[in-house]
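Keep the structure open as you read.

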Amino acid sequence: MRHLFTLLLLMQCMTASTPQYSDKKISIMMDDYFQSNSNAPELLGYRFYKDKKEQVIQIEINSENNEIDNAILFGFKTMSIITNFSKTKFTKSNLIIYIPGQTLPIIATSTIACSNDFFILKSINEFSWKKNCLTIQNI
């Protein structure tokens, strides 16, 4: 599946247009991406929904406490890539991280546009993305 994303990104660059996929196809791609990537945290689920005026993509994962930073980067990068190929115009991304032994998850949020600045366009660095785009909270 990693090769599929590489191929899709290459096609986008060559044709200057992005293929658009339904939520069902995006779901299949997300499952395949998490299963095929050895660095991926355990995917527990995902959903797409509308919240007020926001179109939200949400991923839920398991992560060890010492891998939270990598899980956050992997999760938001995945959502940035996926949303660029979606027919649905997502505006917000949520990442819910469950840590073994802790009862409450960590919830991280970012706008799609700001995440794309870091993960896709590379117009900001990781520090700027974390400082200006990422919101992390415990419930």
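**Helices and strands**

Helices α3 and α4 lie roughly perpendicular to each other, because angles of 65 to 115 degrees count as such and theirs is about 105°. The model is a predicted one. Two packed helices are described by the angle between their axes and the distance between the axes. For α3 and α4 (residues 112–119), that axis distance is 9 Å.

Which residues make the contact? From α3 come Leu73, Phe76, Lys77, Ser80, Thr83 and Asn84. They meet Ile112, Ser115, Asn116, Phe118 and Phe119 of α4.

Now look at α3 by itself. It covers residues 68–84, a run of 17 residues. At 1.5 Å a residue, α3 should span 24 Å. Its end C-alpha atoms are 24 Å apart, so the model agrees with the expectation. Helix α3 is also mostly covered, with 13 of its 17 residues buried.

Turn next to the strands. Strand β1 (residues 42–51) and strand β2 (residues 54–62) run antiparallel, joined by 9 bridges. Within this pairing, Lys50 stands opposite Gln55 of β2. The two strands form a hairpin, with 2 residues between them. Lys52 sits in that turn and has a positive phi of about 55°.

Strand β2 also pairs with β3 (residues 92–98). These two run parallel and share 7 bridges. Ile59 has Leu95 in β3 as its bridge partner. How does the chain get from β2 to β3? It crosses through α3, and this β-α-β crossover is right-handed.

Definitions and conventions:
Residues are numbered from 1 along each chain as its sequence is written. This is a predicted model: local features need pLDDT of at least 70, side-chain atom pairs count only at pLDDT 80 or more; totals for chains, interfaces and linings use all residues. Side-chain values use heavy atoms; hydrogens and water are left out. Helices (H or I, at least four residues) and strands (E, at least two) are DSSP runs, numbered from the N terminus. The expected span of a helix is 1.5 Å times one less than its number of residues. Buried means under 20% relative accessible area, exposed over 50%, partly exposed in between (1.4 Å probe, protein chains only). Two strands pair if DSSP finds at least two bridges between them. A crossover is right-handed if, with the strands pointing away from the viewer, the path from the first strand over the helix to the second runs clockwise. Axes are lines fitted to C-alpha atoms, for helices over the stretch in contact, and angles run from 0 to 180 degrees between N-to-C directions. Angles under 35 degrees count as roughly parallel, over 145 as roughly antiparallel, 65 to 115 as roughly perpendicular and the rest as oblique. Contact means heavy atoms within 4.5 Å.
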